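Reader: I am new to this structure and would like to go through parts of it by question and answer. Please start once it is shown.

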Amino acid sequence: MTDTLLHIRGLKTYFHTFAGVIKAVDGVDFSVDEGEILGVVGESGCGKSVVGFSIMGLTEPPGRIESGEIRFNGVNLLDQDERKMRKIRGQEIAMIFQDPMTSLNPLYTIQDQMEEVMKLHSDMSAEQRKKRCMELLAEVGISQPETRLKNYPHQFSGGMRQRVIIAIALASNPKLVIADEPTTALDVTIQSQILKLMKRLVREHRTAMILITHDLAVVSEMTDKIIVMYCGRIVEKGTRDDIISRCRHPYTLGLLGSIPKLTSRQKRLLQISGMVPNIMNLPPGCSFAPRCDYVRDRCRDMPPELVDLEPGHKAACYYPVER
Amino acid sequence: MNHLLEINELEQRFDVSPGFFDRLKIRNGRLRYQKSIVHAVNGVNFQIDRGEVFGLVGESGCGKSTIAKTIIKLYEPVAGQIKIDGEDITSYDYKKMIPVRKIVQMIFQDPYASLNPRIKVLDIITEPMAIGGAALGKAEIREKAMELLSRVGLGKEHVNRYPHQFSGGQRQRIGIARALSVEPELVIADEPVSALDVSIQAQILNLMMDLKDEFGFSYLFITHDLSVVRHISDRIGVMYLGFLVETGPCDDVFLNPRHPYTKALLSAAPSVGEKLHIDPLDIKGEVPTALELPPGCSFQTRCPFAFDRCIQERPRLISRVSDRMEACHLLDN
């Protein structure tokens, strides 16, 4: 059951700007099993979205994948030419973007946009396509699918559009869905509706999902495994419980402490001092060293490698927090 | 003893009618010329006492920011009354508002838009003191600004820089220093941390609480983030579609929400680790448009418990249990 679907090794995506090289993703390794939900968390600018774009082969100049390997179903996606990538995109790997207001084309009806995937990746007849569109819309909870198909995106609210986008993503039964901040633009009650819907569909279709978000609460409710990123590198990864209740990296600890709790009131929040360093001018050692409470000399000299703490639970830290 | 801030039956409407030709519509065979009115705030009452943190929560479009902007008269209220320390400021014009602004200050959501990009930090912070006609000399004002800057965690070297040279969190610190420069008694904070990253958000929340303990002012804290409101507030008010649907002490409301919308909102909130112990209440559908309010209770279109009376009669915010107020017919039975 647990076949590895996606395996990423040593992925480096750099942006060559006039001001210098931005190492947005700097040596990232992880894998996603079939039917698994993986969460990628981090603050803005940590490179989490670039990971998603790199997998889809959507990095545009000045961005370039420098090295590494993205094995999907045994095939290295970085060796594929654009024609082969187009076959994979949409059919095998689908993506859900953050902004439901801009990721649909305002000039085409919902039906046109939903059918596009099917036209490209299947030989269904017009009738079959329409039937499938209606099934999909009903599945994501849009009532009166027949009339709704003829509507344009502006006739839908934000939550409804995100439902349509989810329906499009699932149209060709992909093996992997990459969701980049899928609910950030939505309100709390709508967010919980959409998250529940995504989790149900992903489980039903046995699709794997990479959920990219800054929201630890969302990740903790949705995922099986979690990766925490900081300045283009993975600082900690493990199962959901490893990260949420037994985290060892000081950054993860600080992030979790920064979130106020819903159940009880704290006197003060645990805070991480300082700011994220400039990604073009990272400190020579551990990128988190300038903000870390547990920093020692060694941290400032050499960046730590991601090492096993327990089976499956890794952290990039010389002195992981004992708990 | 007067409340520091008292709002009675505050209403705010915005005319968003399109141009002349777009307004001509044919309905039932007759040509009509219709207006589009957004009912942003529909009769809201609450009070804030000295030293208290009142959190206003609700989803986008529920009117919480409109209330904030109406209190400091960036918008003129359509109906209702705003009292600051017993003084009715509802009809005050710009000139009369100047002394009031020394009592009420505001911190805005977007730290990128709320600071003038052409003014240096020192001038940003001293401006409110100068306009207020403070009896301070130039040197004193400058000294006070420096003190404030170091209090919010910025250094002397930052004084002569422009806003674009700062990060989001630092800008929010500048915004806080500006608000505190006139030693206000009430600070209205409109989503002050929602544009910030998690780690910076914690820094700013801690700073805001420390400053409150030090200076002893009150907050009207507006946010959509339930865990933030839980952390910071003494009392909260929950808004829906321009109505206040429930108010009460923060701990009580979170432990035992009474209005169905509050229950739905709290059970929808994602959390790290422990969840709230409330019966999950799933609500279907989305917030109706504020252009046409539903008849009766604003929440009846989504409420799983709605009955006849909810459609016929608009519930009023009344107290049934001490300290708590809810606008819901269900609780009458």
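Reader: At about what angle does helix H6 of chain A run to E6(A)?

Author: In this predicted model, helix H6 of chain A spans residues 158-170 and lies across E6 and strand E7 (176-180) of chain A. Its direction relative to E6(A) is given by an angle of about 170°.

Reader: Which are the edge strands of the open sheet in chain A?

Author: The open sheet has eight strands in the order E6-E7-E8-E3-E9-E10-E12-E11, with mixed pairing. An edge strand pairs on one side only, and this holds for strand E6 (93-96) and strand E11 (307-310) of chain A.

Reader: What is the bridge partner of Gly39(A) in E9(A)?

Author: Strand E3 (residues 37-41) and strand E9 (residues 225-230) of chain A run parallel and are joined by four bridges. In E9(A), Gly39(A) is partnered by Ile226(A).

Reader: Are H6(B) and H7(B) roughly parallel or roughly antiparallel to each other?

Author: The axes of helix H6 (residues 168-180) and helix H7 (residues 198-215) of chain B come within 10 Å and cross at roughly 15°. Angles under 35 degrees count as roughly parallel. H6(B) and H7(B) are therefore roughly parallel.

How values were computed. Residues numbered from 1 in each chain as written. Chains lettered and ligands numbered in written order. Predicted model: local features only at pLDDT ≥ 70, side-chain atom pairs only at ≥ 80, totals over all residues. Axes fitted to C-alpha atoms, helices over the stretch in contact; angles between N-to-C directions. Helix = DSSP H or I, 4+ residues; strand = E, 2+ residues; numbered from the N terminus. Parallel < 35°, antiparallel > 145°, perpendicular 65-115°, else oblique. Pairing = 2+ DSSP bridges. Contact = placed C-beta atoms within 7 Å.
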